[in-house]
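Have a look at it first, then follow along with what I looked up.

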Amino acid sequence: MSQKSRREFLKLAGLAGAGLMAAPAVALAGHPVAGANDEELGMLYDATKCVGCKACMSACKRVNGDYGALSYEQAKFDPDKLWDAPQDLSGSTRTLIKLVKDSPKEWSYVKYSCMHCQKPSCVSVCPVSAMTKDKITGIVDYNKNTCIGCRYCQVACAFNIPKFQWEKAIPQIVKCDLCKNTNLKQKGISACAEVCPTGAIMFGKRKDLLAEAKKRLAEHPKQYVNHIYGEHELGGTNHLYLAALQFKKLGLPELKGEAPAEFSEKIQHTIYKGFIAPVALYSTLCFIAVRNMKKGNGHTDDHKPEEGENNESR
Amino acid sequence: MSHDEYQIHRAKILTPSFWVLLTLAVIGFALIAVRFIWGIGAVSNMSDGYPWGIWITYDVATGTAIACGGYAVAILIYIRNKMHYHPLIRSAVLTSLFGYGLAGFSVMVDVGRPWNAYNFFVPSQWQANSAMFEVALCVMAYTTVLAIEFLPAVLTRLQETNWSRARGFLEKYHGRFGLDTPVVLEKLEKLRQRAVWLQPKLDKVLIFVIVLGITLPTMHQSSLGSLLLIASTKLYPLWHTGFLPLLFLINCMFIGYSIAILESIISSFGFKRPFEIDQLSGLASITPYLTSIWLCVVVGDLVWRGQVTNALRLDFYSAFFLLEFGLVASGSLLLFSKKRRQSPRWLFITAVLIVLGGALYRFNVYLIGFNPGQGWRYFPSLAEILITVGIVAFEILGYQVLVKLFPVLPRLHGHEVVEKA
């Protein structure tokens with residue numbers, strides 16, 4: 001290949017790359033995350049008040065069982081199917097209480113369910129808008145009638161919340177929707193918060209939950225780790241936690257304040273802004289290709305491929 | 001471009017390799033049936049922690065890169081105006097068509113609710129923030145484009161045929177199956193006339209389709225990288241970078257050229273045709289430049305993000321990173337020698353090194369460097385692997401058969417004495 005064409009090639013490669021190069025640079029430059037919307041609905045789970053009765057788990061399954069396609073999970077020691085015994089959140093279980101033992105004297109219960117992020121990754125990545133965030137309540141909801149089952153939401157969620165029904169021929173994603181279509185609609189409160197006998201689960205607007213959490217931290221500073229989990233994590237979540245043990249030990253990962261979706265969307269938007277780049281690329285390439293065709297029609301066609309090759313300077 | 005550049009490979013279709021590939025394909029498709037009856041969990045080891053297994057990692061993310069031969073060669077021919085590579089394009093397009101078509105098919109096997117896929121065509125459901133949305137639309141569009149690009153081969157064949165096989169069949173079964181020989185032949189003749197009518201019209205607009213076939217992979221190959229941008233807490237920092245889209249784009253180009261070389265050498269070897277050394281060494285002189293750019297971006301990005309110590313730690317992740325890096329770098333270094341570029345053996349070895357390295361990069365990003373948290377583990381199950389093997393076998397099988405039915409391979413000049421077994 002000739003020296004000249006190599007240069008041409010590098011030029012072209014450079015052009016193609018320039019747009020893509022610019023994108024991450026812009027994104028990495030950073031930008032302020034929009035403030036959290038504290039009017040949205042959420043829950044405050046106080047691990048120090050939880051007694052591990054699992055009333056929330058059974059209420060969730062009772063209320064959402066049919067709507068959410070949940071089912072009871074059998075334990076190995078229980079051939080008669082007397083208890084519901086999920087090991088983890090799964091395609092049958094939206095919420096779960098676990099006991100975490102740090103030492104014989106230090107232990108804590110912890111409740112898992114969807115964090116209802118302010119800027120949810122699952123909503124950002126869903127290709128067919130099956131995951132949505134309600135503009136007013138902030139509830140992150142799932143619609144099985146549009147979902148294609150690609151499981152990108154599972155890849156994207158930093159909390160590993162969305163679960164897939166691996167054993168079903170007609171599977172769906174399972175995750176908490178704050179009883180949006182069941183208990184919340186009928187009674188104005190999520191089922192788990194409604195039945196909690198100790199008040200460990202508080203349901204309400206994020207601003208009220210935050211105020212309550214801050215009050216508890218101020219009143220009983222020795223009882224808690226001085227941190228409201230979810231206040232800033234990944235741009236803020238509507239499900240908040242208070243606990244006596246380190247959150248990391250409770251299975252709640254240490255996370256940055258920026259939502260991953262801010263980062264990825266910024267890059268995607270820079271590349272595809274107004275669909276200008278793809279159209280520009282297509283028209284430029286068309287121009288080059290048509291010009292080449294016209295140039296080529298005169299002679300290249302008549303030459304046998306081998307001869308053309310031999311003419312190349314190496 | 002004239003259509004005399006290509007020829008049908010006259011050889012037996014039902015070879016031993018045909019039967020082997022067919023067996024593998026049948027096993028794979030039987031397991032796919034199992035998946036649709038008893039769910040994905042019945043055949044695969046995927047879990048809520050590793051929701052994407054080898055079907056996505058190999059069949060889609062890596063398979064489409066391997067299918068980028070058509071894309072890479074098209075850039076060379078139509079954009080860089082190297083018309084003497086034109087004889088290579090049809091076989092490259094055919095493999096791309098199979099690669100992309102079957103990647104799309106794999107996705108339909110992998111997704112849980114494929115019947116809802118029509119939502120990609122419902123504007124109110126569109127979700128432009130999702131890289132997956134972009135990939136899905138582009139891959140569907142590109143597969144269509146590839147089919148149109150391959151159409152001239154089919155049309156040429158239709159025009160030249162005298163339906164000898166069909167005639168033989170009709171004579172043998174005359175009167176049975178309700179087949180009336182003259183009526184059928186009349187219909188076949190009509191089909192032939194349609195092909196004659198369509199061919200010149202298609203030739204006129206084909207260049208715009210071809211250019212679309214260059215634009216679309218540029219878009220979705222970079223988006224395949226963007227897919228993992230969101231997994232900032234799960235993808236190991238060696239691979240999680242804002243440059244993922246750019247790295248995936250360059251990666252698919254050098255894999256594309258290397259695969260075009262491999263394909264040509266393997267089919268020359270398998271079909272007992274002479275090697276197209278001149279064209280291949282031309283292709284091989286491009287790859288080291290692309291890989292150099294790629295390696296520079298990788299290193300520069302690691303330095304910028306302060307990840308160099310992680311890369312040299314020699315732990316699990318670092319080992320895979322160094323392997324990927326080493327394979328691509330060694331393959332490219334070897335190719336800087338002009339002498340090696342003239343040798344089929346070295347062309348083959350270097351192309352294998354680069355394809356392996358490039359493919360490992362994609363595996364690293366999608367699976368090996370992906371860690372959803374403690375307690376999760378993934379290694380594909382046998383059935384999962386067999387499904388992928390079956391799909392790949394079907395791909396090779398289809399290629400083998402189609403080059404013997406349609407004018408796909410480059411016409412041999414001065415080599416007319418090739419055996420016509």
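**Entry 1: ground rules**

I take helices (H or I, at least four residues) and strands (E, at least two) as DSSP runs, numbered from the N terminus. This is a predicted model, so I keep in mind that local features need pLDDT of at least 70 and side-chain atom pairs count only at pLDDT 80 or more, while totals for chains, interfaces and linings use all residues. Residues are numbered from 1 along each chain as its sequence is written, and chains are lettered from A and ligands numbered from 1 in the order in which they are written.

**Entry 2: the two chains**

I looked up the secondary structure of chain A and found 10 helices and nine strands. For chain B I noted 15 helices and two strands.

Next I checked burial. I call a residue buried if 20 or more other C-beta atoms lie within 10 Å of its own, exposed if 12 or fewer, and partly exposed in between, with C-beta atoms placed from the backbone. In chain A, 43% of the 314 residues are buried; in chain B, 50% of the 421 residues are.

Then came contacts, meaning two residues whose C-beta atoms, placed from the backbone, lie within 7 Å. Among contacts with a separation of 6 or more, residues 24 or more positions apart make up 62% in chain A and 83% in chain B.

I also asked about the overall dimensions of chain B. The C-alpha trace spans about 75 × 55 × 45 Å along its principal axes.

**Entry 3: where the chains meet**

The contact takes 67 residues from chain B and 71 residues from chain A. On the side of chain B that touches chain A, the elements giving two or more residues are H1, H3 (69-79), H5 (131-160), H7 (181-226), H8 (244-270), H9 (277-284) and H10. Which of them gives the most? I found that H7(B) does, with 11 residues.

For classes, I count Ala, Val, Leu, Ile, Met, Phe, Trp, Tyr, Cys and Pro as nonpolar, Asp, Glu, Lys and Arg as charged, and the others, Gly among them, as polar. That side of chain B then divides into 37 nonpolar, 25 polar and five charged residues.

**Entry 4: helices of chain B**

I followed H10(B) (residues 287-304) to H12(B) (residues 316-335): their axes come within 9 Å and cross at roughly 145 degrees. Here axes are lines fitted to C-alpha atoms, for helices over the stretch in contact, and angles run from 0 to 180 degrees between N-to-C directions. H10(B) gives Thr287(B), Pro288(B), Thr291(B), Ser292(B), Leu295(B) and Val298(B), and H12(B) gives Phe325(B), Val328(B), Ala329(B), Ser332(B) and Leu335(B).

Is Leu302(B) buried or exposed? It counts as buried because it has 20 C-beta neighbours inside 10 Å. Beyond residues up to four places away in sequence, Leu302(B) touches Gln307(B), Val308(B) and Ala311(B).

H15(B) (residues 382-405) has 24 residues and reaches 34 Å from first C-alpha to last, close to the 34 Å expected; the expected span is 1.5 Å times one less than the number of residues. Its buried residues include Ile387(B), Ile391(B), Phe394(B) and Tyr399(B). The buried residues of H15(B) pack against H1 (16-38), H2 (54-66), H4 (86-110) and strand S2 (409-410) of chain B.

**Entry 5: loops of chain A**

I visited the loop between H7 (206-219) and S9 (239-242), where Glu231(A) sits. Glu231(A) is partly exposed because it has 17 C-beta neighbours inside 10 Å. Leaving aside neighbours within four places in sequence, its contacts are Leu210(A), Gly236(A) and Leu240(A).

Leu234(A) lies in the loop between H7 and S9 as well. Leu234(A) is buried, with 27 other C-beta atoms within 10 Å, and has phi near 45 degrees, a positive value in a residue other than glycine.

My last stop was Ala69(A), in the loop between H2 (55-64) and S2 (96-101) of chain A. Phi is near 55 degrees for Ala69(A), again positive in a residue other than glycine. With 17 other C-beta atoms within 10 Å, Ala69(A) is partly exposed.
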